Amino acid sequence: MKAFVVAIRILESILLALISAFIIHAILVCRDQPTLIHYLKLTTVGILWIFPISLPLAACIVTSLIKSIPPKTIYKKTILGFHLFNFCAIPLVLIFLPNHKEPTAQMMANNLITHYKAIARVVDSIDDLTVSTRGFDYVNINGEISRLNIKIGNEWLNKNEIETLWAKGDTVSSISPQELYKINKYMQQANIQGIDINDEEDVCTLLFRRWGRIDFEYKFYKSKEAARKDYDSFGQSKQFIMYNDTIAFTCTGIYPGGGSFVDYERFYDFRRRSWLRKPFPSWQYKKTKGRPKSPKD
């Protein structure tokens, strides 16, 4: 009987320690409130999918908490300490983490109009790179590169492989550290955080903001047909706004349905009323018909 009690206590301690380790990991990898909240939501969804296991574990945790009160022994004090940490750590951390405002379609539209020339320069410079580089996927948020992939032939090189080649003095396709520095300057001037272009697709995607685990992006299509195809694939989803016939705004999370524009209806209503006054010009790549002027020009 004593051996059974000892085994139960060991399993209880391991379970609570694993939960504490998960919470510490979540706190370390999440640098703002939206990211931490979305991380916890995603974890909760995963736990609910394995409810035949998660429900008994939840019952064990509640029972463990009840039995640790009052904490008369060192073992009970330790267990209660685990519970207090697991319940209080995340709410306390959320108080001190920065809380960024959720991006909206109107914010994206304002940025597009204000930084139109700088955005055009980003798209054109990346479009030029695809002459020798078949794909470029890059995200730089507040000076931290979270994603860097370059496509050569039919293969993608990741960040570690690219940096290894750069350290040897090699240029990866037409992209060097100096070229990347120039791209970063263009991105700062355009007030965007990422670029994604692939020669197999008729669209250039620019990351406006990453809010938690949700990406708010511009899509610049090379043809009206490609734009219409994406529009049809999204249907009536609040994740996709067709700004005009070649520019779209998207809001996508890392899991299906994980994002939507909070001002979707209000923005579309505003667009309908303002379109008759001054429509925003369609996007045209410089290699075809030339750049349309911004409404502010």
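**Entry 1: a first count**

I started by counting elements, and the protein chain has 10 helices and 8 strands. Both kinds are DSSP runs numbered from the N terminus, with helices being H or I over at least four residues and strands being E over at least two. I noted that this is a predicted model, where local features need pLDDT of at least 70, side-chain atom pairs count only at pLDDT 80 or more, and totals for chains, interfaces and linings use all residues. Residues are numbered from 1 along each chain as its sequence is written, and side-chain values use heavy atoms, with hydrogens and water left out.

Next I looked up how much of the chain is covered. Of the 297 residues in the protein chain, 39% are buried. Here buried means under 20% relative accessible area, exposed means over 50%, and partly exposed lies in between, with a 1.4 Å probe and protein chains only.

The accessible surface of the protein chain is about 17,100 Å², and carbon and sulfur atoms hold 61% of it. Such areas come from the Shrake-Rupley method with a 1.4 Å probe, and for residues only the protein chains shown count as cover.

I also looked at contacts, meaning heavy atoms within 4.5 Å. Among contacts in the protein chain with a separation of 6 or more, 58% are between residues 24 or more positions apart.

**Entry 2: the sheet**

In what order do the 8 strands of the open sheet stand? I read β3-β2-β1-β4-β5-β6-β8-β7, with antiparallel pairing. The edges are β3 (155–157) and β7 (240–242); each has a single partner strand, so one side of each has no neighbour in the sheet. On average, neighbouring strands of this sheet are turned by 20 degrees against each other, direction ignored. For pairing, I used the rule that DSSP must find at least two bridges between two strands. A reminder to myself: strands of a sheet pair through backbone hydrogen bonds, either parallel or antiparallel.

Two helices pack on this sheet. Helix α5 (residues 105–114) touches β5, β6 (214–221), β7 and β8 (247–253), and its direction makes about 45 degrees with that of β6. Helix α8 (residues 177–190) touches β1, β2 (144–152) and β4, and its direction makes about 60 degrees with that of β1. These angles run from 0 to 180 degrees between N-to-C directions, and axes are lines fitted to C-alpha atoms, for helices over the stretch in contact.

**Entry 3: strand β4 and its partners**

I then zoomed in on strand β4 (residues 194–198), where 4 of the 5 residues are buried. Strand β1 (residues 135–141) pairs with β4 in the antiparallel sense over 5 bridges, and valine 139 stands opposite glycine 194 in β4.

Strand β5 (residues 203–211) also runs antiparallel to β4, joined by 4 bridges. The two form a hairpin with 4 residues between them. Which residues of β5 face isoleucine 197 and aspartate 196? Isoleucine 197 stands opposite cysteine 204, and aspartate 196 has threonine 205 as its bridge partner.

**Entry 4: cysteines**

A disulfide is a covalent bond between the sulfur atoms of two cysteines. Is cysteine 204 buried or exposed? Cysteine 204 is buried, at 0% relative accessibility, while cysteine 88 is partly exposed at 36%.

Helix α1 (residues 2–29) packs against helix α3 (residues 51–67) at an angle of about 105 degrees, with axes 11 Å apart. The pair therefore counts as roughly perpendicular. The classes I used were under 35 degrees for roughly parallel, over 145 for roughly antiparallel, 65 to 115 for roughly perpendicular, and oblique for the rest. On the α1 side I found Glu12, Leu15, Leu16 and Ile19, which meet Leu57, Ile61 and Ser64 in α3.

**Entry 5: residues in loops**

Isoleucine 175 sits in the loop between α7 (159–167) and α8, and is buried at 0% relative accessible area.

Proline 70 is in the loop between α3 and α4 (74–96). A cis peptide bond joins isoleucine 69 to proline 70, with omega about -5 degrees.

Asparagine 142 is exposed, at 75% relative accessibility. Asparagine 191, in the loop between α8 and β4, has a positive phi of about 60 degrees and is partly exposed at 26%.
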